[in-house]
Structure formats: structure tokens, C-alpha cells
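Load the model in your viewer and keep a selection panel open.

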Amino acid sequence: MKKVNSKRAFTLAEVLVTLAIIGIVAALTIPVVIAKFRQHEYKTAGKKAFSELSAAIQTLSLQYGLSIQDYTDSSDAQKEKFYNTLEKTLNIVKTDTGSDGHTILITNDGFAYHIINVNEYYVDVNNNASPTKLSAAQSDWERADYDDEDDLFDSMSWNKVELSDIFYVGFNSKTGAGVVLPYVDNVANVAFPNSENTTP
């Protein structure tokens, strides 16, 4: 008596249906994974940019006697000394001028520091490449006056924001304490609501 082989292979239709399901699941999950990875990248780069600029500002104060408190309200000519020394302190590979007339310092790690004032900077961690836009902030963004240095990366506020590749780095003109925030509308007043810091 002939033994019948009971093993059965998948049909072409079954294989195609399985592949289609895998494709749909991948199409739904991969963009989410990529977006989360990009957010992590921006967050890490923003923290690094803040650390570098804070260290440079501290060096200006300790080694050259150029403190933010002394130069915030100075004339442009007086600030020039501060900016020139800052260029030497940061590892600058290129300088540029933005469409708004502000000086841009580009470092060898690809950060573009837009100088607004001696105590206010925008940092594009993607060297002015796309996307450069406002971060999407929730209406309940935490507002506080940072008397002590606070980079906010451990704050719950970061969980309510879709980050872009540009950050605001500000230093309190009275205390020198620094803060980094996602670049949102009216960001200077979010960082220092009780001070006279204003960003054009």
C-alpha cells in the first residue's frame, strides 16, 4: 500500500497575503520608530549644543573677564569684543550672516549658533538644513523663571513637545543661569517670563 504524504506547502495566495500583512504592519510602525529616533537625536544634539555654549560662556567669564551680566545691555561696539572672543572659544569652522542680519557661528560638529545677544542664541543642530521650523508645543507648556541653571531635559515639559532641530539657549542677564528650550513662539518670555529679556 502506497503511503500518502500529508505535508502541504503554502499556496502562492497564502504567501502573498502574509507578505501584504507584514508590509502593512511595517508601513504603520516604521515611520513612528524613525520619528522617535529623530526626536532622540534632536534632544541629544540640543543638550550637547547647550553644554558647549555654556562652557564657552563660562570660559569667557573666567579667563577673559567677559561676563554676560556686564555686556547684555552694552553697545554693539562693546559687544563685538565679547563675540570675537566667543568665536575663539568655540570650535568655529565658518561664520555666516542670517537673513535677519544676525551672525551665525558654525562649529565643526555641524551646530549653527545664531547670535541674538550676548545672552540669547538660537542653535540649529542640523547646520541650517531642513527641517528648520518651530517645535510644536502644547498649550500647557511649563512656564517658570529659571533662577538656577536648568536644561529642562528631565522636565515633564519635554514630553509635551514635538522637537524640531532648532533650540533656544538663553542666559539670565542678572544671574547668568542658562536654559535650553525647544524653539517655540515667544520662547524668550517662556524662558524668562519675569525678566526684561526679549528676542526680536
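**Stop 1**

Select F10, which lies in the segment ahead of α1 (12-64). The model is a predicted one. F10 has a relative accessible area of 71%, and because the cut-off for exposed is over 50%, F10 counts as exposed.

**Stop 2**

Move to Q58, in helix α1. Is Q58 buried or exposed? Its relative accessible area is 51%, so Q58 is exposed, given that exposed means over 50%. Select G176 as well: Q58 and G176 are 118 residues apart along the chain, yet their C-alpha atoms are separated by 9.3 Å.

**Stop 3: α1 against α3**

Show helix α3, residues 76-89, together with α1. At what angle do the two pack? The angle is about 115 degrees, and the axes are 10 Å apart. The crossing of α1 past α3 is right-handed. To see the contact, select L53, A56, I57, T59, L60 and Y64 on α1, then F82, T85, L86 and T89 on α3.

**Stop 4: a lysine in α3**

Stay on helix α3 and pick K79. K79 has a relative accessible area of 9%; since buried means under 20%, K79 is buried. Which residues does K79 touch, leaving aside those up to four places away in sequence? They are Y71, T72, S74, N117 and V118. For a distance to check in the viewer, take K79 and I68: they are eleven residues apart in sequence, and 9.9 Å lies between their C-alpha atoms.

**Stop 5: the whole chain**

Clear the selection and colour by secondary structure. The protein chain has four helices and eight strands. Followed from the N terminus, the order of elements is α-α-α-β-β-β-β-β-β-β-β-α.

Switch to a surface view. The accessible surface of the protein chain is about 12000 Å², and 53% of that belongs to carbon and sulfur atoms. Of the 200 residues in the chain, 39% count as buried, K79 being one that is buried.

Last, turn to contacts. Among those in the protein chain with a separation of 6 or more, 58% are between residues 24 or more positions apart.

Definitions and conventions. Residues are numbered from 1 along each chain as its sequence is written. This is a predicted model: local features need pLDDT of at least 70, side-chain atom pairs count only at pLDDT 80 or more; totals for chains, interfaces and linings use all residues. Side-chain values use heavy atoms; hydrogens and water are left out. Buried means under 20% relative accessible area, exposed over 50%, partly exposed in between (1.4 Å probe, protein chains only). Axes are lines fitted to C-alpha atoms, for helices over the stretch in contact, and angles run from 0 to 180 degrees between N-to-C directions. A crossing is left-handed if the near helix is turned anticlockwise from the far one by less than a right angle, and right-handed if clockwise. Contact means heavy atoms within 4.5 Å. Accessible areas come from the Shrake-Rupley method with a 1.4 Å probe; for residues, only the protein chains shown count as cover.
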